[in-house]
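Please read the following points alongside the sequence and the structure. They go from the chains to single residues.

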Amino acid sequence: LVVSKMNKDAQMTAAINQKLIETGERECLKELPRAKLTECGWKGQLKSHCKEVIKEKGLEHVTVDDLVAEITPKGRGLVPDSVKKELLQRIRTFLAQHASL
Amino acid sequence: MEEISLANLDTNKLEAIAQIYVDLIEDSCLGFYFEVHRAVKCGYSYLEFAEAGSMEHFGIQPAEDKGACRLPLCSLPGEPGNGPDRQLQRSPPEFQ
(Lines give C-alpha, C1' and ligand atoms only; values in the text may rest on other atoms or scores of the structure.)
Protein backbone atom coordinates (compact mmCIF):
# COMPACT_ATOMS: atom_id res chain seq x y z
CA LEU A 1 0.00 0.00 0.00
CA VAL A 2 2.83 2.35 0.92
CA VAL A 3 4.72 1.51 -2.27
CA SER A 4 1.58 2.06 -4.31
CA LYS A 5 1.05 5.46 -2.73
CA MET A 6 4.70 6.40 -3.35
CA ASN A 7 4.31 5.44 -7.00
CA LYS A 8 1.18 7.56 -7.34
CA ASP A 9 2.93 10.54 -5.73
CA ALA A 10 5.92 10.13 -8.04
CA GLN A 11 3.64 9.91 -11.07
CA MET A 12 1.74 13.01 -10.03
CA THR A 13 4.99 14.92 -9.44
CA ALA A 14 6.34 13.81 -12.81
CA ALA A 15 3.13 14.83 -14.58
CA ILE A 16 3.12 18.27 -12.98
CA ASN A 17 6.82 18.75 -13.68
CA GLN A 18 6.31 17.84 -17.29
CA LYS A 19 3.54 20.37 -17.66
CA LEU A 20 5.64 23.01 -15.94
CA ILE A 21 8.47 22.39 -18.41
CA GLU A 22 6.18 22.31 -21.48
CA THR A 23 4.57 25.62 -20.60
CA GLY A 24 7.86 27.27 -19.61
CA GLU A 25 6.56 27.91 -16.14
CA ARG A 26 9.36 25.87 -14.59
CA GLU A 27 11.95 28.37 -15.79
CA CYS A 28 9.92 31.21 -14.27
CA LEU A 29 9.57 29.30 -11.03
CA LYS A 30 13.33 28.65 -10.93
CA GLU A 31 14.00 32.35 -11.31
CA LEU A 32 11.70 33.35 -8.46
CA PRO A 33 13.70 31.92 -5.54
CA ARG A 34 16.98 32.91 -7.20
CA ALA A 35 15.97 36.57 -7.26
CA LYS A 36 14.13 36.68 -3.94
CA LEU A 37 16.78 34.79 -2.00
CA THR A 38 19.46 37.22 -3.15
CA GLU A 39 17.30 40.23 -2.22
CA CYS A 40 16.52 39.03 1.28
CA GLY A 41 20.13 38.30 2.24
CA TRP A 42 19.87 34.51 2.19
CA LYS A 43 22.99 34.23 0.02
CA GLY A 44 24.89 36.46 2.41
CA GLN A 45 23.95 34.30 5.36
CA LEU A 46 24.93 31.12 3.56
CA LYS A 47 28.27 32.65 2.58
CA SER A 48 29.18 32.84 6.27
CA HIS A 49 28.40 29.15 6.65
CA CYS A 50 30.36 28.39 3.50
CA LYS A 51 33.40 30.15 5.02
CA GLU A 52 33.30 27.79 7.97
CA VAL A 53 33.10 24.73 5.74
CA ILE A 54 35.94 25.98 3.55
CA LYS A 55 38.03 26.74 6.62
CA GLU A 56 37.42 23.25 7.94
CA LYS A 57 38.05 21.38 4.69
CA GLY A 58 40.72 23.66 3.28
CA LEU A 59 40.58 25.77 0.13
CA GLU A 60 42.26 23.16 -2.00
CA HIS A 61 40.25 20.21 -0.81
CA VAL A 62 36.70 21.51 -0.52
CA THR A 63 34.32 19.95 -3.04
CA VAL A 64 30.81 20.77 -4.19
CA ASP A 65 29.67 17.62 -2.37
CA ASP A 66 31.07 19.05 0.88
CA LEU A 67 29.10 22.23 0.38
CA VAL A 68 25.94 20.31 -0.51
CA ALA A 69 26.21 18.05 2.53
CA GLU A 70 27.07 20.76 5.04
CA ILE A 71 25.10 23.75 3.79
CA THR A 72 21.85 22.31 2.39
CA PRO A 73 20.12 21.80 5.76
CA LYS A 74 20.94 25.38 6.74
CA GLY A 75 20.02 26.66 3.30
CA ARG A 76 16.59 25.11 3.44
CA GLY A 77 15.96 26.34 6.96
CA LEU A 78 16.96 29.91 6.14
CA VAL A 79 14.46 30.36 3.30
CA PRO A 80 12.14 33.15 4.50
CA ASP A 81 8.49 32.28 4.97
CA SER A 82 7.48 34.94 2.45
CA VAL A 83 9.51 33.25 -0.29
CA LYS A 84 8.15 29.81 0.64
CA LYS A 85 4.63 31.15 0.59
CA GLU A 86 5.03 32.87 -2.75
CA LEU A 87 6.58 29.84 -4.39
CA LEU A 88 3.93 27.46 -3.10
CA GLN A 89 1.25 29.90 -4.17
CA ARG A 90 2.64 30.06 -7.71
CA ILE A 91 2.72 26.27 -7.96
CA ARG A 92 -0.81 26.04 -6.60
CA THR A 93 -2.03 28.67 -9.06
CA PHE A 94 -0.45 26.76 -11.90
CA LEU A 95 -2.27 23.61 -10.84
CA ALA A 96 -5.55 25.48 -10.64
CA GLN A 97 -5.02 26.75 -14.19
CA HIS A 98 -4.32 23.23 -15.45
CA ALA A 99 -7.18 21.36 -13.89
CA SER A 100 -6.51 18.28 -16.03
CA LEU A 101 -3.51 17.46 -13.87
CA MET B 1 -2.40 38.09 -5.26
CA GLU B 2 -5.52 36.20 -4.31
CA GLU B 3 -4.64 33.35 -2.01
CA ILE B 4 -5.65 29.91 -3.10
CA SER B 5 -6.17 27.38 -0.34
CA LEU B 6 -4.26 24.14 -0.27
CA ALA B 7 -6.97 22.61 1.87
CA ASN B 8 -9.07 21.17 -0.92
CA LEU B 9 -6.24 19.35 -2.66
CA ASP B 10 -5.80 15.61 -2.43
CA THR B 11 -2.69 14.26 -0.76
CA ASN B 12 -1.09 13.24 -4.06
CA LYS B 13 -1.13 16.82 -5.26
CA LEU B 14 0.03 18.15 -1.92
CA GLU B 15 2.97 15.77 -1.96
CA ALA B 16 3.74 16.74 -5.53
CA ILE B 17 3.64 20.46 -4.70
CA ALA B 18 5.94 19.89 -1.74
CA GLN B 19 8.39 17.89 -3.88
CA ILE B 20 8.42 20.54 -6.61
CA TYR B 21 9.02 23.23 -4.00
CA VAL B 22 11.96 21.26 -2.54
CA ASP B 23 13.41 20.73 -6.03
CA LEU B 24 13.25 24.44 -6.80
CA ILE B 25 14.89 25.47 -3.55
CA GLU B 26 17.62 22.86 -3.94
CA ASP B 27 18.16 24.06 -7.48
CA SER B 28 18.81 27.56 -6.14
CA CYS B 29 21.11 26.16 -3.46
CA LEU B 30 23.06 24.11 -6.00
CA GLY B 31 23.55 27.14 -8.22
CA PHE B 32 24.94 29.00 -5.24
CA TYR B 33 27.30 26.13 -4.30
CA PHE B 34 28.70 26.04 -7.82
CA GLU B 35 29.31 29.81 -7.68
CA VAL B 36 31.15 29.50 -4.37
CA HIS B 37 33.13 26.45 -5.45
CA ARG B 38 34.17 28.05 -8.71
CA ALA B 39 35.20 31.25 -6.95
CA VAL B 40 37.30 29.28 -4.49
CA LYS B 41 38.97 27.07 -7.11
CA CYS B 42 39.64 29.90 -9.56
CA GLY B 43 41.26 31.82 -6.75
CA TYR B 44 39.26 35.04 -7.03
CA SER B 45 37.50 34.51 -3.76
CA TYR B 46 40.48 34.70 -1.45
CA LEU B 47 39.37 37.99 0.02
CA GLU B 48 36.06 36.51 1.03
CA PHE B 49 36.91 32.97 1.93
CA ALA B 50 40.47 32.99 3.18
CA GLU B 51 41.91 34.37 6.37
CA ALA B 52 44.33 37.20 5.76
CA GLY B 53 47.23 34.98 6.81
CA SER B 54 46.54 32.33 4.21
CA MET B 55 46.76 34.66 1.21
CA GLU B 56 50.30 33.27 0.88
CA HIS B 57 48.53 30.05 -0.06
CA PHE B 58 47.92 31.65 -3.43
CA GLY B 59 51.42 33.08 -3.61
CA ILE B 60 50.02 36.54 -3.02
CA GLN B 61 51.74 39.00 -0.73
CA PRO B 62 49.47 41.47 0.99
CA ALA B 63 49.70 44.81 -0.82
CA GLU B 64 51.47 47.35 1.34
CA ASP B 65 52.56 50.11 -0.98
CA LYS B 66 50.90 50.86 -4.25
CA GLY B 67 53.88 52.88 -5.52
CA ALA B 68 55.42 52.35 -8.93
CA CYS B 69 54.27 49.35 -10.90
CA ARG B 70 57.03 47.43 -12.64
CA LEU B 71 54.90 46.00 -15.42
CA PRO B 72 56.04 47.54 -18.74
CA LEU B 73 52.57 48.23 -20.10
CA CYS B 74 51.04 49.35 -16.84
CA SER B 75 49.62 52.84 -16.87
CA LEU B 76 49.72 53.31 -13.10
CA PRO B 77 51.61 56.46 -12.05
CA GLY B 78 55.05 55.79 -10.71
CA GLU B 79 58.64 56.86 -10.90
CA PRO B 80 59.70 58.08 -14.37
CA GLY B 81 62.16 55.25 -14.80
CA ASN B 82 59.50 52.66 -14.22
CA GLY B 83 56.80 54.06 -16.46
CA PRO B 84 55.44 52.33 -19.55
CA ASP B 85 57.76 52.09 -22.49
CA ARG B 86 56.79 54.89 -24.91
CA GLN B 87 57.66 52.80 -27.95
CA LEU B 88 55.20 50.16 -26.88
CA GLN B 89 52.43 52.76 -26.66
CA ARG B 90 52.49 53.43 -30.41
CA SER B 91 50.30 51.26 -32.58
CA PRO B 92 52.02 49.06 -35.15
CA PRO B 93 52.54 50.72 -38.57
CA GLU B 94 49.81 48.68 -40.26
CA PHE B 95 47.21 50.22 -37.92
CA GLN B 96 48.40 53.82 -38.29
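1. From the N terminus on, chain A reads α-α-α-α-α, which comes to 5 helices and 0 strands. Helices (H or I, at least four residues) and strands (E, at least two) are DSSP runs numbered from the N terminus. This is a predicted model, in which local features need pLDDT of at least 70, side-chain atom pairs count only at pLDDT 80 or more, and totals for chains, interfaces and linings use all residues. Residues are numbered from 1 along each chain as its sequence is written, chains are lettered from A and ligands numbered from 1 in the order in which they are written, and side-chain values use heavy atoms, with hydrogens and water left out.

2. Chain A has 101 residues, and 35% of them count as buried; buried means under 20% relative accessible area, exposed over 50%, and partly exposed in between (1.4 Å probe, protein chains only). The accessible surface of chain A is about 5,900 Å², with 53% of it belonging to carbon and sulfur atoms. These areas come from the Shrake-Rupley method with a 1.4 Å probe, and for residues only the protein chains shown count as cover. Of the contacts in chain A with a separation of 6 or more, 68% are between residues 24 or more positions apart; contact means heavy atoms within 4.5 Å.

3. Chain B is built from 3 helices and 0 strands, in the order α-α-α from the N terminus. Of its 96 residues, 25% are buried. Chain B exposes about 7,200 Å², and carbon and sulfur atoms supply 53% of that area.

4. Within chain A, helix H2 (residues 25-39) packs with helix H5 (residues 81-97) at an angle of about 170 degrees, their axes 10 Å apart. This makes H2(A) roughly antiparallel to H5(A). Angles under 35 degrees count as roughly parallel, over 145 as roughly antiparallel, 65 to 115 as roughly perpendicular and the rest as oblique. Axes are lines fitted to C-alpha atoms, for helices over the stretch in contact, and angles run from 0 to 180 degrees between N-to-C directions.

5. Which residues make this contact? On the H2(A) side they include Leu29(A), Leu32(A) and Pro33(A), and on the H5(A) side Leu87(A), Ile91(A) and Phe94(A) are among them. By class, the contact has 9 nonpolar, no polar and 4 charged residues. Ala, Val, Leu, Ile, Met, Phe, Trp, Tyr, Cys and Pro count as nonpolar, Asp, Glu, Lys and Arg as charged, and the others, Gly among them, as polar.

6. Lys84(A) also lies in H5 of chain A. Its C-alpha atom is separated by 8.6 Å from that of Pro33(A), 51 residues apart along the chain. At 27% relative accessibility, Lys84(A) is partly exposed. Leaving out residues up to four places away in sequence, Lys84(A) touches Val79(A) and Tyr21(B).

7. Over all chains there is 1 aromatic pair. Trp42(A) lies in helix H3 (residues 42-57) of chain A and Phe32(B) in helix H1 (residues 11-42) of chain B, so the pair joins two chains. Both Trp42(A) and Phe32(B) are buried. Rings of Phe, Tyr and Trp (its six-membered ring) pair if their centres lie within 6.5 Å; planes under 30 degrees apart count as stacked, over 60 as edge-to-face and the rest as tilted.

8. Thr13(A), in helix H1 (residues 2-23) of chain A, is buried at 10% relative accessibility. Thr13(A) touches Ala16(B), Gln19(B) and Ile20(B), not counting residues up to four places away in sequence.
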